[in-house]
Every structure is written in C-alpha cells, then in structure tokens.
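Please report on the structure shown here.

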Amino acid sequence: MNIVVILGSPRKKGNSQTLAETVVSAITASHQSSVEYLYLHGMKDLNPCLGCGGCEKTGMCVVKDDLIELYQKVDEADIIFLVTPVYFYGPTAQLKTLIDRFQARWSRKYLLHQRFRRNDKRRGYLLATAATKGDKVFDPCILIAKSFFDTIDVDYGDDMVVRSVDERGALKNNDEELDRARRFGKEIARTFETR
Ligand SMILES: Cc1cc2nc3c(=O)[nH]c(=O)nc-3n(C[C@H](O)[C@H](O)[C@H](O)COP(=O)(O)O)c2cc1C
C-alpha cells in the first residue's frame, strides 16, 4: 500500500504532524506500506494558482515549481492524507495553495472529460487539529477536503479532527486523543484488508 501524507502546517513537529504520525504508524504496524511525508513548509518554491486558464487546454498546470512532482505522487497513492491545523476556520495557506493548484485536475476531469481512476480502492482522509472546541470549527476544512478528493476521483474515507490542542506538544501529552488516533489508523488498515 502506498501512503502519501501531505502536511500543511508551517509549524514543524506540531499537533497535526503528531496526529498524522500516530495514525500512519498504526496503519503500518499491521499493513505493509510505503509512506511518504510531504512537508509543504519545506518547499521553497510553492506558488498559488494564477487563475490563468492554462490548464483548461492541457489538464496540466503551467506554473513550474516544487509542486509539480506532487501531482504524480498523489496519482500513485492508495491512501492520501491531507493534514492541517485550522487557521481562521480553514486549512493553512500552504495546504490551500496545493489544493487550488489541483484546479489542473478539475480541468482535466470536468473540461477535458478525462477521468483518472487508477482503481476503486483509493481513499482520501483529512486529519486536522484546532485550539478551540467549536462545533463547526472543522466544517470548512472537511468541505474543502471532500471537494479536493472528489476532483481527483478519490473516494473520501473519513476524517479525524482533534479539538482543544494549541501549543506545540499539546497532542503528544493527550493519551486519550493519541489512542483515538491509533484506533483510527487501525480501522483504516482493516478497511484495506477487507478489500
Ligand atoms: C494563524 C493561526 C490561525 C488559527 N486559527 C484558528 C481557528 O480559527 N480556530 C481554532 O480553533 N484554532 C486556530 N488556530 C490554532 C491552531 O489550529 C492549533 O494551535 C493547532 O493545533 C496547531 O497545529 P500545528 O501544531 O500542527 O500547527 C490558529 C493558529 C494560527 C497560528
């Protein structure tokens, strides 16, 4: 199984990264997998969509930067994790930049009518953390993630969101949430075993 984890937080080793590593470790403990962590904060050349319409003719983005190689990695993944802290009710700018650049895939699907479904087993998941407890604090991130996965023809698996974690390390000290993350990962592994 090929797992790609896209980390959107600019804060290294923060709560969302802890969440992702805990979930993914639980998967790899029971399911042989290759895992690639893609740290958007480490990308020097990451540019927003220009809205230029260049992709409408070819399905490919005209902006040539560090994101270009991610298209293929995402295409080849069986499981894709979008990982982000909540920033003003949405994903981080880094993650939203990546998502907007997949407008090239939207063009490929809806304008050029080229479906890309490598197989039916592929799943996308959202992992997100936030400082507050609000009922709706993750709603925009979930909607955006669902829209992203729909655009790339990957079925939405599920999401795991963690409220009330703010300072770096807060999640590392929260055994209850770490346990929940391990159970979430095991459940994903089970889903793939039965397919
Ligand atoms: C610019 C910024 C905006 C934020 N906006 C929100 C918000 O709208 N709601 C919320 O609950 N937490 C908000 N937070 C807190 C983060 O979501 C929280 O600290 C998260 O656990 C950080 O994850 P990380 O350590 O992976 O970066 C914000 C933090 C920053 C820096």
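Aspartate 153 lies in the loop between H6 and S5. Helices (H or I, at least four residues) and strands (E, at least two) are DSSP runs, numbered from the N terminus. The model is predicted: local features need pLDDT of at least 70, side-chain atom pairs count only at pLDDT 80 or more, and totals for chains, interfaces and linings use all residues. Residues are numbered from 1 along each chain as its sequence is written.

Most residues other than glycine have a negative phi. Aspartate 153 has a positive one, near 60°. Serine 164 also has a positive phi and is not a glycine. Serine 164 sits in the loop between S5 and H7. The table sets out both residues. A residue is buried if 20 or more other C-beta atoms, placed from the backbone, lie within 10 Å of its own, exposed if 12 or fewer, and partly exposed in between.

| Residue | Phi | C-beta neighbours inside 10 Å | Class |
|---|---|---|---|
| Aspartate 153 | near 60° | 16 | partly exposed |
| Serine 164 | about 65° | 13 | partly exposed |

**Phenylalanine 149**

Phenylalanine 149 lies in helix H6 (residues 139-151). Is phenylalanine 149 buried or exposed? Phenylalanine 149 is buried, because 21 other C-beta atoms lie within 10 Å. Two residues are in contact if their C-beta atoms, placed from the backbone, lie within 7 Å. Leaving out residues up to four places away in sequence, phenylalanine 149 touches Gly124, Val154, Asp155 and Tyr156.

**The whole chain**

The protein chain has seven helices and five strands. From the N terminus on, their order is β-α-β-α-α-β-α-α-β-α-β-α. The radius of gyration is 16 Å, close to the 16 Å that the globule rule gives for 195 residues, so the chain is as compact as a globular protein of that length. That radius is taken over C-alpha atoms, and the rule is 2.2 Å times the number of residues to the power 0.38. The C-alpha atoms fill a box of roughly 50 × 40 × 30 Å along the principal axes. Buried residues make up 36% of the 195 residues. Among contacts between residues at least 6 apart in sequence, 79% join residues at least 24 apart.

**The core**

A nonpolar core is a set of buried Ala, Val, Leu, Ile, Met, Phe, Trp, Tyr and Cys residues joined through C-beta atoms within 7 Å. The largest one has 47 residues, of which Val5, Ile6, Phe81 and Leu127 touch the most other members. H1 gives the most to this core, with six residues. Valine 5 touches residues including Ala20, Val24 and Phe81, not counting those up to four places away in sequence.

H1 has 16 residues and reaches 24 Å from its first C-alpha to its last, close to the 22 Å expected at 1.5 Å a residue. The expected span is 1.5 Å times one less than the number of residues. Its buried residues pack against elements including strand S1 (2-7), strand S4 (123-129) and helix H7 (175-193).

Which element gives the most to the shell around the ligand? Helix H1 (residues 15-30) does, with three residues. In total 19 residues surround the ligand, and Gly14, Ser16, Pro85, Ala130 and Thr132 are the closest.

Terms used
A residue is near a molecule or strand if its C-beta atom, placed from the backbone, lies within 6 Å of it.
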